[in-house]
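This report covers a single predicted model. Please read it alongside the sequence and coordinates.

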Amino acid sequence: MSERTSGPGSTYEAAGVDIEAGEHAVSLMKDKVARSRRPEVVDDASGFAGLFDASALLRYQRPLLATSTDGVGTKVMIAQRYGKHDTIGIDLVGMVLDDLVVCGAEPLFMTDYIACGKVVPERVAEIVGGVAEGCRLAGAALVGGETAEHPGAMGPDEYDLAGAGTGVVEASALLGPDRVRTGDVVLGLASSGVHSNGYSLVRHVLREASLSLDAVLPELGRPLGEELLEPTRIYSLDCLELTRTLDVHAYAHITGGGVEGNIARSLPGHLDAVLDRSSWTPPPVFQVLAGHGRIAQKDMDRTFNLGVGMAAVVAPESADEAIRLLGARGLDSWVLGEIVPGTGQARYR
C-alpha cells in the first residue's frame with residue numbers, strides 16, 4: 001500500500017493556474033468590451049452566457065442566421081515575439097465577421113476564446129480590447145468570451161485565440177453565385193497588408209533570410225514587426241453600405257487560397273472571373289516577402305491576398321458609383337476584372 005506524502009496538499013495555483021489573475025484580467029477588459037455594445041445586448045447577471053434580444057429579427061420577413069468561426073493562425077507567434085498584443089484581436093474579428101458579410105449578412109454579435117500558458121491580466125486585456133475594437137468597427141457586439149490557462153501545455157508567453165460570430169440576412173437579399181451574371185464587374189477592395197493568412201510561410205521566410213522583426217527595411221519605412229502586425233482591415237460596414245445602396249451580386253473574402261481561389265468560390269459553374277493583374281500594385285510587404293524568400297509567383301498567388309482583401313461582384317452600371325462610395329468611406333477600390341462565360345474559375349488574363 002502506498003503512503004501519503006507529508007506536507008501541504010496540491011492546489012490549483014501550485015498546478016500553474018492563477019484564478020485571481022483571471023479575475024483581474026476580466027476587470028481590466030470590461031470598459032473595452034462595453035465599447036462594442038449594441039442596444040440588443042441583454043445583461044446576464046450570472047455571466048455564464050451572452051444574451052441578445054432576438055426580437056430585433058422581427059423586422060425581417062424571413063431572417064436567415066449566418067455563423068462563422070475562425071482563428072488568426074500563426075500570426076499570434078509574431079505578436080508574441082514582437083511583444084505587441086493590442087491588434088491581434090482585430091485580426092480575429094476580420095477573419096470571423098467579414099466571412100458573414102460575404103452572403104450579405106449583418107454581423108450581430110461575437111464571442112472569443114483565449115488559451116494561454118499563463119494569464120497575464122494586462123496582456124489578456126490588450127488582446128480582448130482588440131477583439132472589442134474590431135467588433136465596434138464591424139458594428140457587432142462582443143457578448144462574451146473565455147480565457148483558459150493551460151500551464152504545461154503552453155509556455156508562459158504563449159497564447160492562441162479563436163472566435164465565433166453570428167449575423168442575419170433577409171432570405172430574399174442573400175448574396176452569392178446564383179446572382180452573378182455575364183458582364184458583371186469585379187471590384188478589388190484594398191487590403192491593409194498581409195492580414196491573417198500565410199504566416200507559416202512568412203515565418204519560414206524570416207528564418208531562412210535571418211530577418212529580424214526589429215529590422216527597418218527601406219521598402220517599408222518601419223520595423224518589419226510593425227508591418228507584419230498591421231491589423232486586418234474590417235470590411236463589414238463598407239460592404240453592408242454598398243449592398244444597401246447599389247446592385248451588388250456577390251462578395252469574396254480574400255483569405256487562404258488567394259485572390260483566384262476565393263473569387264472562384266463566389267462564381268456559378270458556368271461563369272468565370274477574368275482578372276487584370278496590372279490593375280493594381282501589391283503593397284511593398286509582398287515584394288519584401290517574395291524577394292527575401294525567393295517565392296515563386298504561383299505560391300504568392302495561392303498564399304497571400306497581395307493587396308486585395310475583399311472582392312465585390314457588381315452590376316456593370318453600379319461599378320463607378322461603388323468605387324466613389326467606397327472612396328468616400330476611406331477604402332480604395334478599383335476594377336479588378338469582369339465576369340464572362342466559363343467553368344466557374346477565376347483567372348488572370
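The sections below treat the basis of the values, the chain as a whole, a sheet and a helix pair.

## Basis

The model is predicted: local features need pLDDT of at least 70, side-chain atom pairs count only at pLDDT 80 or more, and totals for chains, interfaces and linings use all residues. Residues are numbered from 1 along each chain as its sequence is written, and side-chain values use heavy atoms, without hydrogens or water.

## Chain

The protein chain has 11 helices and 12 strands, which are DSSP runs (H or I, at least four residues, for helices; E, at least two, for strands) numbered from the N terminus. Of its 349 residues, 50% are buried, meaning under 20% relative accessible area with a 1.4 Å probe, protein chains only.

## Sheet

Six strands form an open sheet in the order β8-β10-β7-β11-β9-β12, and the pairing is mixed; two strands pair if DSSP finds at least two bridges between them. From one strand to the next, the twist averages 30°.

Strands β7 (residues 185–190) and β11 (residues 333–341) run antiparallel and are joined by 5 bridges. Leu189 lies opposite Ser333 in β11.

## Helix pair

Helix α2 (residues 75–82) packs against helix α5 (residues 199–208) at about 45°, with axes 8 Å apart. Axes are lines fitted to C-alpha atoms over the stretch in contact, and angles run from 0 to 180 degrees between N-to-C directions.

The contact (heavy atoms within 4.5 Å) involves Lys75, Met77, Ile78 and Arg81 of α2 and Tyr199, Arg203 and Leu206 of α5.
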